[in-house]
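Keep the structure open and follow along as each contact comes up.

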Amino acid sequence: MERSGADGFDEFVAARWSTLLHVARLLTGGDRQRAEDLVQESLVKLWFAWPRVGEQAPEAYVRTILVRLAARSARRRWWGERPVEALPDRPLPDDVSSTVAERSRLEAALALLSPRQRAAVVLRYCEDLPEAQVAQALGCPVGTARSHASRGVARLRSILSDAVRPVG
């Protein structure tokens, strides 16, 4: 399927794939498979809109698609999670894998936020977008986007501080 209006699409995908996958992982709470599906579905939608948006702002367009698809997919009831009997051991402070464990803990905490709060936090603080662009991606007023981000960060602080309190 060769299209004359697709000039630059392959280069855009090659240059932005890892960033889009990172954002999608954060939006899905760390689920790499769901994140890859979201990125691929977003890029398919971008492909069809490429003649219109390729010269303007393809990254903003695909980011908006990504956020909306993540919110839609979060409304599904079951994603195949299975409970386990024993939890894995916590890494030692000097362990090299502690950085990966900390990232996984953050992704798990992000998964507990509502989809809109998660999207606002990820876009505002991980992607470092201005509030106006976050609001545009979420399709809401700036004040609402600011509120989602603020409440999301407060909830993250609560979740992450509960996880480090000693038991006893």
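Helix H1 passes helix H5 in a right-handed crossing; a crossing is right-handed if the near helix is turned clockwise from the far one by less than a right angle, and left-handed if anticlockwise. Helices (H or I, at least four residues) and strands (E, at least two) are DSSP runs, numbered from the N terminus. This is a predicted model, in which local features need pLDDT of at least 70 and side-chain atom pairs count only at pLDDT 80 or more, while totals for chains, interfaces and linings use all residues. Residues are numbered from 1 along each chain as its sequence is written, and side-chain values use heavy atoms, with hydrogens and water left out.

**The overall picture**

- The protein has 7 helices and 0 strands, and from the N terminus on its elements run α-α-α-α-α-α-α.
- Of the 168 residues in the protein, 36% are buried; buried means under 20% relative accessible area, exposed over 50%, and partly exposed in between, using a 1.4 Å probe and protein chains only.
- Take the contacts between residues at least 6 apart in sequence: 64% of them join residues at least 24 apart. Contact here means heavy atoms within 4.5 Å.

**H1 against H5**

- Helix H1 (residues 9-27) and helix H5 (residues 115-126) pack at an angle of about 140 degrees, and their axes are 9 Å apart. Axes are lines fitted to C-alpha atoms, for helices over the stretch in contact, and angles run from 0 to 180 degrees between N-to-C directions.
- That angle makes H1 oblique to H5. Angles under 35 degrees count as roughly parallel, over 145 as roughly antiparallel, 65 to 115 as roughly perpendicular and the rest as oblique.
- On the H1 side the contact is made by Val-23, Leu-26 and Leu-27, and on the H5 side by Arg-118, Ala-119, Val-122 and Cys-126.
- By class, the contact of H1 with H5 has 6 nonpolar, no polar and 1 charged residues. Ala, Val, Leu, Ile, Met, Phe, Trp, Tyr, Cys and Pro count as nonpolar, Asp, Glu, Lys and Arg as charged, and the others, Gly among them, as polar.

**Two residues of H5 to look at**

- Is Arg-118 buried or exposed? Arg-118, which lies in helix H5, is buried, with a relative accessible area of 6%.
- The side chain of Arg-118 reaches the backbone oxygen of Leu-110 at 2.9 Å.
- Leaving aside neighbours within four places in sequence, Arg-118 is in contact with Leu-26, Leu-27, Thr-28, Gly-29, Leu-110, Ala-111 and Leu-113.
- Cys-126 is also found in helix H5, and with a relative accessible area of 38% Cys-126 is partly exposed.
- Cys-126 and Leu-26 are 100 residues apart in sequence, yet their C-alpha atoms are 8.7 Å apart in space.

- The axes of H5 and helix H6 (residues 131-138) come within 10 Å and cross at roughly 145 degrees, and H5 passes H6 in a right-handed crossing.
- Arg-116, Ala-119, Ala-120, Leu-123 and Arg-124 of H5 make this contact with Glu-131, Val-134, Ala-137 and Leu-138 of H6.
- By class, the contact of H5 with H6 has 6 nonpolar, no polar and 3 charged residues.
- Asp-128 is found in the loop between H5 and H6, and at 60% relative accessibility Asp-128 counts as exposed.
- Most residues other than glycine have a negative phi.

**H2 against H3**

- The axes of helix H2 (residues 32-53) and helix H3 (residues 58-74) come within 9 Å and cross at roughly 140 degrees. That makes H2 oblique to H3.
- H2 passes H3 in a right-handed crossing.
- Among the residues that meet here are Leu-38, Leu-46 and Trp-50 in H2 and Tyr-61, Ile-65 and Leu-69 in H3.
- By class, the contact of H2 with H3 has 15 nonpolar, 2 polar and 4 charged residues.

**A residue of H4**

- Arg-105 is found in helix H4 (residues 98-111), and at 22% relative accessibility Arg-105 counts as partly exposed.
- Arg-105 and Gly-29 are 76 residues apart in sequence and 9.6 Å apart in space, C-alpha to C-alpha.

Key
Polar contact = N/O pair within 3.5 Å; in protein donor to acceptor, adjacent residues only side chain to side chain.
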